[in-house]
Amino acid sequence: MAKQEKQICPHRCPLCALYEAQERFQRGVKECLPPEVSLHLNQAGHELLLAVQVLFDRGFGAVASESKSGSRRKAQKVKVE
């Protein structure tokens with residue numbers, strides 16, 4: 001199956017131009033770097049994302065486990081006639 005060319009935005013909006021520039025930059029970087037370097041960079045990025053995920057999980061766990069003293073109200077009985 002032949003590769004299809006990507007459709008270029010007929011309006012040349014700034015967002016599409018930015019996206020196209022990003023794709024060209026990534027292709028250029030991939031051409032300049034040996035595959036081993038690219039593989040190591042991808043693995044390092046993955047490890048970084050995992051570390052950030054652990055930090056968020058611990059932060060959310062700490063916030064959830066904090067007891068807020070004085071914020072709970074006692075249940076009150078209300079007599080309805």
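Colleague: Why is valine 29 called partly exposed in this predicted model?

Modeller: Valine 29 has a relative accessible area of 32%. Buried would need under 20% and exposed over 50%, so a value in between counts as partly exposed. Valine 29 sits in helix H1.

Colleague: What makes the nonpolar surface patch, and what is its area?

Modeller: Phe25, Val29, Leu33, Val37 and Leu41 make the patch, which covers about 420 Å². A patch member needs over 30% relative accessible area, and Val29, at 32%, is therefore over that cut-off. Helix H1 (14–32) and helix H2 (35–65) are the elements that each give two or more residues to the patch.

Colleague: How many helices and strands does the secondary structure have?

Modeller: The chain has two helices and zero strands.

Colleague: How do you know whether cysteine 13 is in a disulfide or in none?

Modeller: The nearest cysteine sulfur belongs to cysteine 16 and is 3.2 Å away.

Colleague: Which class do cysteine 13 and cysteine 32 fall into, buried, partly exposed or exposed?

Modeller: Cysteine 13 has 26% relative accessibility, which lies between 20% and 50%, so cysteine 13 is partly exposed. Cysteine 32 has a relative accessible area of 67%, which is over 50%, so cysteine 32 is exposed.

Colleague: Why is the pair of phenylalanine 56 and phenylalanine 60 called stacked?

Modeller: The ring centres are 6.2 Å apart, and a pair needs them within 6.5 Å, so the two rings count as an aromatic pair. The planes are 15° apart, and under 30 degrees counts as stacked, so the pair is given that label. The model has one aromatic pair. Both residues lie in helix H2, four residues apart, about one turn of the helix. Phenylalanine 60 has 58% relative accessibility, over the 50% cut-off, and is therefore exposed.

Colleague: What makes the contact of arginine 24 and glutamate 20 a salt bridge?

Modeller: The N to O distance between their side chains is 3.4 Å, and the limit is within 4 Å, so the contact qualifies. The structure holds one salt bridge. Arginine 24 and glutamate 20 are both in helix H1, four residues apart, about one turn of the helix.

Colleague: What does the side chain of glutamate 23 make a polar contact with?

Modeller: The partner is the side chain of tyrosine 19, at 3.0 Å. A polar contact needs the atoms within 3.5 Å, so this distance passes the cut-off.

Colleague: What part of the chain do buried residues make up?

Modeller: Buried residues are 4% of the 81 residues. The accessible surface of the chain comes to about 8700 Å², with 60% belonging to carbon and sulfur atoms.

Notes: Residues are numbered from 1 along each chain as its sequence is written. This is a predicted model: local features need pLDDT of at least 70, side-chain atom pairs count only at pLDDT 80 or more; totals for chains, interfaces and linings use all residues. Side-chain values use heavy atoms; hydrogens and water are left out. Patches are made of residues with over 30% relative accessible area and no salt bridge: like charges are joined within 9 Å, nonpolar side chains (Val, Leu, Ile, Met, Phe, Trp, Tyr) within 5 Å. Accessible areas come from the Shrake-Rupley method with a 1.4 Å probe; for residues, only the protein chains shown count as cover. Buried means under 20% relative accessible area, exposed over 50%, partly exposed in between (1.4 Å probe, protein chains only). A disulfide is a pair of cysteine sulfur atoms within 2.5 Å. Rings of Phe, Tyr and Trp (its six-membered ring) pair if their centres lie within 6.5 Å; planes under 30 degrees apart count as stacked, over 60 as edge-to-face and the rest as tilted. A polar contact is a pair of N or O atoms within 3.5 Å; within protein, one must be able to donate a hydrogen and the other to accept it, and residues adjacent in sequence count only if both atoms are side-chain atoms.
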